[in-house]
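We'll go through the pocket, the cores and then a handful of individual residues.

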Amino acid sequence: MDLEVRHLRAICAIAESGSISKAATALKMSQPALATQLRRIERMFGGPLFERGREGARPTQLGTWVLIRARSLLPAFDELRRDGMRYAEQAAEKLKIRLGCMSSHLAINVIKCLNELLTGADITVRTEEAMDLLPGLLESERLELATLGDYPGHELLPPPGVVYAGVAVEPIFVGLAVSHPLAQREEIELRDLAAEDWTLHALAEAGHREHFWAACARQGFAPKIAYSADLSLAIDLISSARCVGMFQATSKGYPGIVIRPLAGTPLRFRHMIGWTEHGPVARHGPDLVQAVTKTYWAEVRRAPVYASWLKRHLPLSPPV
């Protein structure tokens, strides 16, 4: 008789329950059938694996040795079975991809490239105002793909079973009312905004506040966060000259607001994509990153303020 996975499960079940009869119930076998199977297993190993007595079944020295190895092997067999079933389902059915997007201009690029790369895939999208939930949703396999981002000094590490890939590092710009005294400048020193009231997104993701505070501290001031608001309210507040706020460099602009670069680029943000290691996106990940990166830089050159900034900072500009 050859050793099989079911034999290892039987040994572990007996050890965990401390009884052949209880193990037989758990395995949905009769007690005589399990006892007969155990004797055959013991003959394969050349000695008894359990001592039987009034107190039940306790592992022998040989049994303990076998149990240690069985318990290390069984999770690997379970993982192999799960992955095999997942790949079989993907091959037999239409690909199903759940995409989670944070509030950034990268999201539409990912959706477009994903549809072109995986024609016919069933893609559903959920958006989050901030991205803090997305890594956990990837780790628990409630999402197969997500757009993510982080900040210098606060880099994200992928959770187990998840892969992260960078797309681009982008400067963070500032938005002011068109009537603001600094609105006519080509670039604005962060320190010149020390006396301003700021608005910060109510659900700013981990690392954003810390990166902003550290940049202001290096400029010699602590920012006054007068408003904690979503984008819609922030636009109204900034356009009415009540405060200033941070904007993505790829922003096309809003009525009543001018968006300007910060001199020396004290604030930066990294766009990333994350996917599950064994999910339907995994084998297409590198191609998706390449396509999204290409699309991103094409879009950048259609964002007037950012495109102008790139021309002035050619060393930071990506190759065409």
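## Ground rules

Buried means under 20% relative accessible area, exposed means over 50%, and partly exposed is in between (1.4 Å probe, protein chains only). This is a predicted model, so local features need pLDDT of at least 70 and side-chain atom pairs count only at pLDDT 80 or more, while totals for chains, interfaces and linings use all residues. Residues are numbered from 1 along each chain as its sequence is written, and side-chain values use heavy atoms, with hydrogens and water left out.

## Two residues with positive phi

Glu 141 has a phi near 60°, a positive value in a residue other than glycine. You'll find Glu 141 in the loop between helix H6 (134-139) and strand S5 (145-150); helices (H or I, at least four residues) and strands (E, at least two) are DSSP runs, numbered from the N terminus. Glu 141 counts as partly exposed because its relative accessibility is 39%.

Thr 265 isn't a glycine either, yet its phi is positive, at about 50°. Thr 265 sits in the loop between S10 and S11, and it counts as buried because its relative accessibility is 11%.

## The largest pocket

How much space lies in the largest pocket? About 670 Å³, where a volume is the space filled by probe spheres set on grid points, joined across faces, edges and corners. A pocket here is an open set of points on a 1 Å grid over the protein atoms alone, where a 1.4 Å probe fits, with protein on both sides within 12 Å along at least five of seven lines; lining residues have an atom within 4 Å of a point.

The lining has 27 residues, and Ser 103, His 201, Met 246, Phe 247 and Gln 248 lie nearest the centre. Elements giving two or more residues to the lining include strand S6 (162-177), strand S7 (197-201) and helix H8 (231-239). Strand S9 gives the most, with 4 residues. By class, the lining has 14 nonpolar residues (Ala, Val, Leu, Ile, Met, Phe, Trp, Tyr, Cys and Pro), 10 polar and 3 charged (Asp, Glu, Lys and Arg), with the others, Gly among them, counted as polar.

## Nonpolar cores

A nonpolar core is a set of buried Ala, Val, Leu, Ile, Met, Phe, Trp, Tyr and Cys residues joined through side-chain atoms within 4.5 Å. The largest one has 39 residues, and Ile 97, Leu 145, Ile 273, Val 292, Tyr 296 and Tyr 306 have the most contacts inside it. Helix H9 supplies the largest share of this core, 6 residues. Apart from it lies another core, of 33 residues, with Ala 215, Met 246, Leu 267 and Phe 269 among them.

Tyr 306 touches (heavy atoms within 4.5 Å) residues including Val 169, Phe 173, Tyr 296 and Trp 297, not counting those up to four places away in sequence.

Glu 128 lies in strand S4 (residues 122-128) and is buried because its relative accessible area is 14%. Its side chain makes a polar contact of 2.7 Å with that of Arg 126; such a contact is a pair of N or O atoms within 3.5 Å, and within protein one must be able to donate a hydrogen and the other to accept it, with residues adjacent in sequence counting only if both atoms are side-chain atoms. Leaving aside neighbours within four places in sequence, Glu 128 is in contact with Cys 101, Met 102, Ser 103, Leu 133 and Leu 134.

Thr 199, in strand S7, counts as buried at 6% relative accessibility.
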